[in-house]
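Please look over the structure first, then read the points below.

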Amino acid sequence: LLSPQGTRDYSPKQMAIRERVFNAIISCFKRHGAEVIDTPVFELKETLTGKYGEDSKLIYDLKDQGGELLSLRYDLTVPFARYLAMNKITNIKRYHIAKVYRRDNPAMTRGRYREFYQCDFDIAGQFDPMIPDAECLKIVHEILSDLQLGDFLIKVNDRRILDGMFAVCGVPDSKFRTICSSVDKLDKVWAGALGCTCCCWSGGEALSLWAAVNMCQENWLDYDGLVGMFDPKGRKVPCVGVSIGIERIFSILEQRVEASEEKIRTTETQVLVASAQKKLLEERLKLIAELWDAGIKAEVLYKKNPKLLNQLQYCEDTGIPLVAIVGEQELKDGVVKLRVVATREEVNVRRESLVEEIRIRTSR
Amino acid sequence: QGTRDHPPAHTALRDRLLAAVVACFKRHGAVAIDTPVLELRETLMGKYGEEAKLIYELQDQGGELLALRYDLTVPFARYLAMNKITNMKRYHIAKVYRRDNPATTRGRYREFYQCDFDIAGQFDPLIPDAECLKILHEILSDLQLGDFLIKVNDRRILNGIFAVCGIPESKFITTCCTVDKLDKVPWEEVRSEMVGEKGLSPEAADHIGEYVQLHGGLELIERLLQDPKLSQNKLAKEGLGDMKLLFEYLTLFGITGKISFDLSLARGLDYYTGVIFEAVLLQQENDHVEEPVSVGSVAGGGRYDGLVGMFDPKGRKVPCVGVSIGIERIFSILEHRMKASGEKVRTTETEVLVATPHKHLLAARLKLISELWGAGIKAEMLYKKDPKLLKQLQYCEDTGIPLAAIVGEQELTDGVVKLRDVATRVEVRM
């Protein structure tokens with residue numbers, strides 16, 4: 001009983017961490033006025049053909065079931081280029097966070113999956129030089145700072161400088177790419193990194209985090225020419241962008257949570273509606289409906305007559321801070337007993353004021 | 001084919017919708033999980049009955065045989081079994097893949113989002129089922145889609161009715177499929193399909209017709225509990241008893257106004273074992289389109305107690321109940337509505353544009369915008385060294401940015417910024 005090799009489920013804890021990461025990254029993108037586009041998980045096979053060189057053999061194909069031939073997307077760049085060309089867009093600032101698919105030899109212990117997230121931010125368009133490029137780097141800086149991963153360093157370079165260097169050292173044009181690849185390994189960075197790379201230093205050990213900021217120039221076919229390949233008139237759209245190694249960030253944070261034994265809540269429930277006496281299910285359901293209708297995050301145990309101890313234990317286990325206890329006397333008096341789980345302090349609150357009281361206590 | 005890119009206008013609206021749905025799920029204390037888009041073919045086999053032919057399979061490229069997930073329920077069951085989880089309240093929002101014939105005007109794409117909420121575990125009866133319906137009610141209300149109806153029924157009641165009408169057990173499923181069509185076609189057509197195609201006797205079909213055309217609330221349930229024939233049938237009695245309890249809980253939740261016990265509700269999927277439900281919008285969207293956009297049901301679900309057991313080597317059961325929201329259909333409706341009303345969805349959340357009216361002030365803009373970003377303000381500026389003020393203000397109008405922070409030479413000297421309200425054109429120096 002398994003899931004496919006190289007893929008994984010995300011447990012509630014992992015989702016909680018993932019949400020943190022996404023929130024930090026997305027709020028940064030939004031702060032910079034980026035739009036979001038989304039593309040289908042599959043592309044026409046012909047769209048992906050001829051774009052990935054040797055790596056094409058790693059593309060997942062869908063079975064020919066009597067329709068168009070489809071493949072699963074391999075990255076977010078080619079779909080982006082196709083999108084620009086199809087919609088004749090000449091400038092856009094967009095981010096796209098989605099999973100991509102590669103039939104790699106999965107080395108899952110080293111975080112190499114067949115299905116994994118990519119997080120791309122790109123600015124396409126003809127603008128005054130270097131301003132968008134600078135904004136990309138500013139974004140990288142903001143995200144790495146917000147995520148509090150520790151001290152980091154952003155290395156910058158330029159393809160033209162590299163090519164110039166090689167030329168001046170007598171390297172023939174035809175060998176530029178392959179020499180570039182080798183130079184690239186100096187840092188054990190993802191092969192194919194272009195322009196600049198970002199490294200995260202943690203306790204002295206360079207955790208090479210991510211891929212590069214792509215500095216695209218007119219004469220650089222890899223990226224810039226990509227859009228031209230889709231456009232019938234071969235028009236080029238200059239692009240600059242950054243791809244964030246989000247899976248790596250997940251791993252780092254997951255490990256950190258594990259090491260620190262920090263308790264991560266997997267829900268945001270504010271109050272448990274409970275009863276100490278029997279035959280009060282109806283009252284619990286009535287009360288919780290009032291709370292939900294007022295937008296309060298609340299839960300109730302699915303038991304007609306649960307023991308108070310079990311209900312309190314549930315709160316401790318899941319981090320729910322408050323309990324609203326209904327009892328026969330309280331019902332007669334028109335109050336609800338509100339208990340603070342951490343301190344065990346209990347206070348009787350008038351039914352009409354309960355929502356407000358919960359809001360105040362949980363906003364602190 | 002049948003898929004579409006989502007340009008910023010779509011994703012902005014979609015993200016708003018999804019945020020409302022997630023807020024509701026979280027309000028009810030659900031945790032989130034995610035599963036791969038790929039599943040082993042054998043995981044999906046035998047779970048979807050007739051619909052299995054709509055599954056996207058991957059090419060055999062010399063490894064495991066894979067397919068794209070068809071829904072989020074089967075992956076959930078697999079997840080529970082794999083991790084030996086016996087109780088969980090979870091939500092999962094993700095895309096699923098079906099090789100339908102795309103009729104894109106009716107919102108049935110081949111790749112589409114589903115928003116699922118499920119409660120797995122052995123609990124006191126019907127409380128989790130009632131919460132699922134409460135959630136469905138909350139979401140449909142929150143999204144302000146107009147009037148809606150949630151139909152409820154129970155597989156056991158239907159099977160009980162068929163038994164009592166003399167239908168052989170072997171024909172239960174196929175009869176169910178025919179009855180299911182009652183929401184789209186009149187009884188006469190359904191009856192002739194039963195007699196003509198499914199081989200039921202006219203008397204049996206008529207007898208079924210006496211029941212399946214009924215709908216109502218608690219009074220109907222009470223009436224059927226007294227029905228001389230149905231009350232003799234164990235399954236029907238069980239189903240009706242549970243339906244009564246369910247309605248009592250729904251009354252406590254205050255939502256029975258939009259709930260209808262509808263005996264014609266059958267639901268396609270094989271794995272339902274008890275309560276089933278479906279939500280439909282009651283208004284038709286007739287806005288200036290020739291064909292009214294009637295998009296059918298917007299959500300559905302039910303109880304499926306046997307599914308997890310199919311994945312467990314020892315066949316251990318984990319009872320489940322859940323609801324799946326068809327967000328794409330809701331999205332279509334809202335999209336149409338916005339087009340008709342001419343409302344513009346912003347595709348960014350930018351609060352202020354940093355602008356300069358004079359030349360050679362790029363550095364000042366870069367510095368100011370950096371301060372704003374550092375304070376968490378959502379700000380943009382044009383990627384031009386010397387943009388014209390008019391162009392910058394036009395950009396604000398085009399993209400809905402409400403404020404412009406303008407620094408000119410005088411302002412720099414005075415240490416102030418001119419904050420301009422784009423809509424009213426009022427400017428304040430600060």
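The notes below start with chain B as a whole and then turn to annotated sites and strands.

This is a predicted model. Chain B contains 15 helices and 16 strands. UniProt, in an unreviewed entry, places a "binding site" feature on residues of chain B. The annotation "binding site" (unreviewed entry) also covers residues of chain A.

**Chain B overall**

- The C-alpha trace of chain B spans about 90 × 50 × 40 Å along its principal axes.
- Of the 430 residues in chain B, 57% are buried.
- Take the contacts in chain B between residues at least 6 apart in sequence: 68% of them join residues at least 24 apart.
- Chain B has an accessible surface of about 18,400 Å². Carbon and sulfur atoms account for 52% of that surface.
- Chain B carries 56 positive and 62 negative charges.

- Nine strands of chain B build an open sheet with mixed pairing. Their order is 1-4-5-11-10-9-6-8-7.
- Strand 1 (31-32) and strand 7 (215-216) of chain B are the edge strands. Each has a single partner strand, so one side of each has no neighbour in the sheet.
- Strand 7 of chain B pairs with strand 8 of chain B in the antiparallel sense, over two bridges.
- Gly216(B) has Phe261(B) in strand 8 of chain B as its bridge partner.

**Annotated site in chain B**

- The UniProt feature "binding site" (unreviewed entry) lists Asp71(B), Leu72(B), Thr73(B), Arg98(B), Gln114(B), Asp118(B), Arg267(B), Tyr271(B) and Tyr272(B).
- Thr73(B) sits in helix 3 (residues 73-82) of chain B. Its relative accessibility is 8%, so Thr73(B) counts as buried.
- Beyond residues up to four places away in sequence, Thr73(B) touches Asp116(B), Tyr271(B), Tyr304(B) and Leu307(B).
- Tyr272(B) lies in the loop between strand 8 (259-262) and strand 9 (275-281) of chain B. Tyr272(B) is buried, at a relative accessible area of 8%.
- Setting aside neighbours within four places in sequence, the contacts of Tyr272(B) are Arg155(B), Arg267(B), Gly301(B), Gly302(B), Arg303(B) and Tyr304(B).
- Tyr304(B) is a contact of Thr73(B) and also of Tyr272(B).

**Annotated site in chain A**

- In chain A, the UniProt annotation "binding site" (unreviewed entry) covers Asp75(A), Leu76(A), Thr77(A), Arg102(A), Gln118(A) and Asp122(A).
- Leu76(A) is in the loop between strand 3 (70-72) and helix 3 (77-86) of chain A. Its relative accessible area is 0%, so Leu76(A) is buried.
- Leaving aside neighbours within four places in sequence, Leu76(A) is in contact with Arg94(A), His96(A), Ala98(A), Val100(A), Gln118(A) and Asp120(A).
- Asp122(A) belongs to strand 5 (residues 115-124) of chain A. Asp122(A) is buried, with a relative accessible area of 2%.

**Strand 11 of chain A**

- Five of the five residues in strand 11 (residues 271-275) of chain A are buried.
- Side chains in a regular strand alternate between the two faces of the sheet.
- Val271(A), Val273(A) and Ser275(A) point one way from strand 11 of chain A, while Leu272(A) and Ala274(A) point the other way.
- Strand 11 of chain A runs parallel to strand 12 (residues 298-300) of chain A, and three bridges join them.
- Leu272(A) has Glu299(A) in strand 12 of chain A as its bridge partner.

Notes. Residues numbered from 1 in each chain as written. Chains lettered and ligands numbered in written order. Predicted model: local features only at pLDDT ≥ 70, side-chain atom pairs only at ≥ 80, totals over all residues. Heavy atoms only, no water. Helix = DSSP H or I, 4+ residues; strand = E, 2+ residues; numbered from the N terminus. Buried < 20%, exposed > 50% of the residue type's maximum accessible area, 1.4 Å probe, protein only. Contact = heavy atoms within 4.5 Å. Areas by Shrake-Rupley, 256 points an atom, 1.4 Å probe, with all protein chains shown as cover. Lys, Arg positive; Asp, Glu negative; His and termini not counted. Charge placed at Lys NZ, Arg CZ, Asp CG, Glu CD. UniProt positions renumbered as here; feature names shortened; annotations may be inferred. Pairing = 2+ DSSP bridges.
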